[in-house]
Amino acid sequence: MMSNCRPEARRRKSPAHISLSSFVLDRGGPWTYNARSFIKGRPETTTDQSKNRGAAAAMNAPDFLEFKNVSRHFGNVRAVDQVSLSIRRGEFFSLLGPSGCGKTTLLRILAGFERPDTGCVILNGQDITQLPPNRRKVNTIFQSYALFPHLTVRDNIAFGLRIEKRPQREIDHEVDRMLELIQMKAEAAKFPDTISGGQKQRVAIARALIKKPQVLLLDEPLAALDLKLRQRMLIELDLIHDEVGITFLYVTHDQGEAMSLSDRIAVMNNGIIEQVGTPAEIYEAPRSSFVAAFIGDTNFFEGRVAEFVGSEYSRLVIDGFPDTVVFNDKQLAVGNPVFLSVRPEKFYISREQPESIPKRNAAPGRVEEVIYQGSQTRYWVRVQEYRIAIVQQHSRFLLDEKPITWDENVWISWHADDGFMLERYSQSDEQLVTLPE
Amino acid sequence: MATSRARLNEILVTLPSAGWLAVLFVVPALIVVAISFKPTDPLGGAGAGWTLETLRSLGNPNYPAILWRTLWLSITTTALCIMLATPVGYCLARLEKKWRQMVLLLVVVPFWTSFLIRIFAWKMLLHPEGFIKQMLVSLRIVAPETPLLYNQWAVLLVMVYTFLPFAILPVYAAAEKFDFRLIEAARDLGARRFQAFCRVFLPGIRRGLFTALLIVFIPALGSYVIPDIVGGPGAEMLGNKIAQRVFVDRNLPHACALSLLLILAVLLPLIAVLALQGAKDKARPIIEEGA
């Protein structure tokens, strides 16, 4: 309904991402091991499909994991408040939100470390709400990795199978496969405190994957790594998800991680889910001011609907701002108050007044601040009482061109399709928008 | 040059403790060994010259039974203390901080009362007219004619009571540093509660368990006040015999020879364990758990 006229958010990585992954593959990188036969009972796929995991296959799968009205209170704090959520089989699903938003509690409820006060959790048709952690077909990668310090890498990975009392030969075989998968055969006899952070991370992954979980839970798995390693592990996680094909539930506060890895994201705040959608849906059509401000930056405007322009567009009256035409996807009636959000990169900034064409909004302003960032420049432009953040990409930068600078009078313009009206707005979310002081 | 300097510093730093150990431990131990080879002196000291007579007198047919009882009681005491201290340490470490301090205090409170008085208190409790005996009889758990006092079980009970705090403290110290997220990880990987406890918690606090073992076992071996007060003639330990030889028989060389026997009984297994531990550590030369 709301995204009917937007480009269908097509899930697949950006070209840059794909080439980066295949780069790792080509040079015989970490995940060249073919784990296609890795998860038993996984529907047979052709080589082509499994290569890109088939977004279609994942999308068509029935609801696999469901949270139904799940609540969990700690004293007076509603950590998780009436959350309902459906996750598909094979999906890479992220719970994204600031610390204390309840995402980790939700993950711990699924793992079995917390019991919900109300509601239930259904995995593959089975109500697992009351099952203890050891009887759930889910495994967790902990933020601290939680590797057993008294066991070698090999024994850490074998732990889950030893508990199952599987025959030693089988255990050895499986562990060897895992060591190969994580490229750590040479470190098998080492203890966790003698290996690097990235290696610990991989051991934690192997230790969880060897159990062949129906859902792999990842609790901020990259938070403890430095930036370079984080970027590398991001690619490795993505590749491993492609290869093993199991459902991933990924908890993070880092929108970059969530955006680049996920099929879908649930944005959480104060124990509730603000929005569920693909990364593009969440970025391009946020439903609440929290989502708009938390994912990327944005500018908020407060106004009301003045009149309809055609069937789909409305003219808005915004105090202290020229009237603007905006795509009215929610079909808000005339006179309704609205909150409007426009992303910084949707604006165009110029010295000359832009040509007046339908559905283009323009306003004169004064540049208050400029930050040159190489690939882009950030501006803060004062339009009446509004201070608007604008980002311009440099498709080409001519040295003899005179760049727009501080204190200049400029025009800003943007297209009616590039703003979105919010269903829920809260003043405090404006604080989330990063502004230089 | 720099290495010899470092070496010198190392020696200087360790000198005080080395001196302490030499004067207060090594020399007395050697004196004990030396006196074992002296003849008896009727005045209570050691006579002149050297003899193997005292060592030969260790062949007393009563001794193997007493040595065995000493070992048996000490080993059982140690095992019971560790078995009780481990769950206590686990629970203490999981307790909320303010309660933790309180319970720890309760563990230590008995030390405020003299050791002797506490042992006598046990004697009163276990006495045929004592509270525990009377209660057990009235509940028909124990027949009125069953003695609770003056036997090995009384000694064992009081020894466990006495040494338990010494076991709880090191186990708690280790458990407090233990990362309980590892238990969650084990549960996540399919371990039941008890499996997680055995396979992750116990190895995690093994240093504490080892300390508890030494700290209970060694004094338990040498205990003589407890068997003297609550144990009868049938519950004597080696410590009683040594005391008897010194204070009653005034036979110092014989007492020293018995002590030597006790020292060897402690030292040999200890050296074996340490050697084993050392071999293990060599295979793993990394400082662990940031301890």
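**Tour of the interface between chains A and B**

Between chain A and chain B there is 1 salt bridge (a side-chain nitrogen of Lys or Arg within 4 Å of a carboxyl oxygen of Asp or Glu). This is a predicted model, where local features need pLDDT of at least 70 and side-chain atom pairs count only at pLDDT 80 or more, while totals for chains, interfaces and linings use all residues. Residues are numbered from 1 along each chain as its sequence is written, chains are lettered from A in the order in which they are written, and side-chain values use heavy atoms, with hydrogens and water left out.

Select A:Arg108 and B:Glu184: they form a salt bridge, with the closest N and O atoms 2.7 Å apart.

Finally, go to the open sheet of 4 strands in chain A, with order β2-β1-β4-β5 and antiparallel pairing (two strands pair if DSSP finds at least two bridges between them). β2 (77-88) and β5 (126-127) of chain A stand at the edges, each with a single partner strand, so one side of each has no neighbour in the sheet. Strand β1 (residues 63-74) of chain A pairs with β2(A) over 8 bridges, in the antiparallel sense. A:Arg72 stands opposite A:Val80 in β2(A).

Key
Helices (H or I, at least four residues) and strands (E, at least two) are DSSP runs, numbered from the N terminus.
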